[in-house]
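My notes follow in the order I looked things up.

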Amino acid sequence: MSFEMTKGLFKYDFTDQHAILGIPLDAEFNDIRKRYMKIARRLHSDTCSFESQADKDWANQFLSKVVNPAYNKFSKESDRKEYSLLLAAIGKRVVKEQAKMQIESEAAKQLATAQNWEEAYKTAVSKLALKQYESVKETQEAINQISELNMVYLLRKERGIATPPPPPPTDDKRLKKTDPPTPTPTPTPTPIQVTQPRPDSPAEPYCRRAQGFMDSKSYAKAILELKEGVKRDPKYSKAHAMLAMCYVEQNQATMAKLEMNKALASNPEEPTALEVKKKLEQASAKAKKGDDKPGFFASLFGGKKK
């Protein structure tokens with residue numbers, strides 16, 4: 001039996017596990033697990049409702065050879081991280097090779113020009129996923145179409161990460177072309193550029209997911225999310241500050257101080273970074289007084305061992 005998929009991200013010698021499972025690229029693991037269980041019930045030989053025996057055989061083979069390996073790619077945190085890095089590299093390749101990109105499905109063509117493209121992407125994936133495993137004929141075609149949507153999504157996402165062009169000069173309608181040029185004023189010192197929290201930052205979704213992990217004290221998982229976030233927006237002070245707080249909670253003072261400094265360099269008033277700074281200073285004071293047992297704070301700030 002042939003299970004070859006040839007469109008979308010599959011063209012880049014990449015197995016699009018998200019397309020196989022019919023989930024968006026930013027799907028949480030719980031959603032991935034629920035989707036897999038639904039597909040498994042649909043295709044498993046004991047519960048498959050396909051009419052012909054040939055279709056049932058195909059479904060059982062597709063489950064074991066395609067769907068199960070796709071889900072296994074997400075079942076371990078280390079595998080998810082590796083897959084995310086590979087997906088990010090594919091996104092950059094899509095941008096580089098966009099001149100020769102071919103889009104066949106109508107849904108992907110609409111996504112390429114949609115204004116609210118992130119919402120349009122999720123809606124289109126959900127619509128295709130509804131009928132993805134209704135029949136043998138529809139399955140591979142739906143996977144190919146979802147992978148095309150993923151390809152266009154990555155293209156638009158990577159474009160969005162790019163540095164925006166400078167704002168156009170102010171158009172003062174009171175001036176005429178014949179007016180003499182206005183004398184250049186004496187330059188004043190340039191104020192420090194402060195990066196304020198931006199809800200539209202590409203790092204913000206990672207911060208939201210990380211906050212959930214932090215609330216449940218899963219700091220290692222939060223750190224993975226935040227590291228991905230700062231890759232997409234290296235100057236986003238909120239992400240660096242949250243990273244610093246995670247490192248404080250994990251007793252990694254050196255890393256906490258490094259991320260805190262990055263956050264304050266972008267925004268000297270970043271509240272979480274200032275809170276981390278306060279915690280580090282308090283730990284330093286205790287270490288110097290010898291109140292705490294020797295530990296990572298003591299070694300960082302010069303505390304003496306008893």
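How many salt bridges does the structure hold? I found eleven salt bridges, counting a side-chain nitrogen of Lys or Arg within 4 Å of a carboxyl oxygen of Asp or Glu.

Before going on, I noted that this is a predicted model, where local features need pLDDT of at least 70, side-chain atom pairs count only at pLDDT 80 or more, and totals for chains, interfaces and linings use all residues. Residues are numbered from 1 along each chain as its sequence is written, and side-chain values use heavy atoms, with hydrogens and water left out.

**Entry: overall make-up**

I counted 13 helices and zero strands in the protein. Both kinds of element are DSSP runs numbered from the N terminus, helices being H or I with at least four residues and strands E with at least two. I then checked burial, and 40% of the 306 residues are buried. For that term, buried means under 20% relative accessible area, exposed over 50%, and partly exposed in between, with a 1.4 Å probe and protein chains only. I also looked at contacts, meaning heavy atoms within 4.5 Å. Of those with a separation of 6 or more, 66% are between residues 24 or more positions apart.

**Entry: salt bridges**

I started with Arg42 and Glu134, whose side chains meet in a salt bridge at 3.8 Å, N to O. This pair links distant parts of the chain, 92 residues apart: Arg42 is in helix α2 (residues 29-43), and Glu134 is in the loop between α6 (117-131) and α7 (136-161). Arg42 is partly exposed at 22% relative accessible area, and Glu134 is partly exposed too, at 44%.

Next I took Glu204 and Lys238, which form a salt bridge at 2.9 Å, N to O. Buried or partly exposed, I asked of Glu204? Glu204 is buried, at 8%, whereas Lys238 is partly exposed, at 27%.

**Entry: α2 against α3**

How do the axes of α2 and α3 cross? I got a crossing of roughly 170° between α2 and helix α3 (residues 53-75), with the axes coming within 10 Å. That makes α2 roughly antiparallel to α3, a label for angles over 145 degrees, while under 35 counts as roughly parallel, 65 to 115 as roughly perpendicular and the rest as oblique. The axes are lines fitted to C-alpha atoms, for helices over the stretch in contact, and angles run from 0 to 180 degrees between N-to-C directions. On the α2 side the contact includes Phe29, Ile32 and Tyr36, and on the α3 side Phe62, Leu63 and Tyr71 are among the residues.

I then followed Phe29, which is found in helix α2. Phe29 counts as partly exposed at 25% relative accessibility. Leaving aside neighbours within four places in sequence, Phe29 is in contact with Tyr71, Phe74, Ser75 and Arg80.

**Entry: aromatic pairs**

My search of the whole structure gave eight aromatic pairs. Trp58 and Phe62 make a stacked pair, their ring centres 4.7 Å apart and their planes at 15°. Rings of Phe, Tyr and Trp (its six-membered ring) pair if their centres lie within 6.5 Å; planes under 30 degrees apart count as stacked, over 60 as edge-to-face and the rest as tilted. Trp58 and Phe62 are four residues apart in helix α3, about one helical turn. Trp58 is buried at 8%, and Phe62 is buried at 0%. I also noted one aromatic cluster formed by Phe14, Phe74 and Tyr83.

**Entry: Ala129**

Last, I looked up Ala129, which lies in helix α6. Ala129 counts as buried, at 10% relative accessibility. Not counting residues up to four places away in sequence, Ala129 touches Gly22, Arg35 and Ile146.
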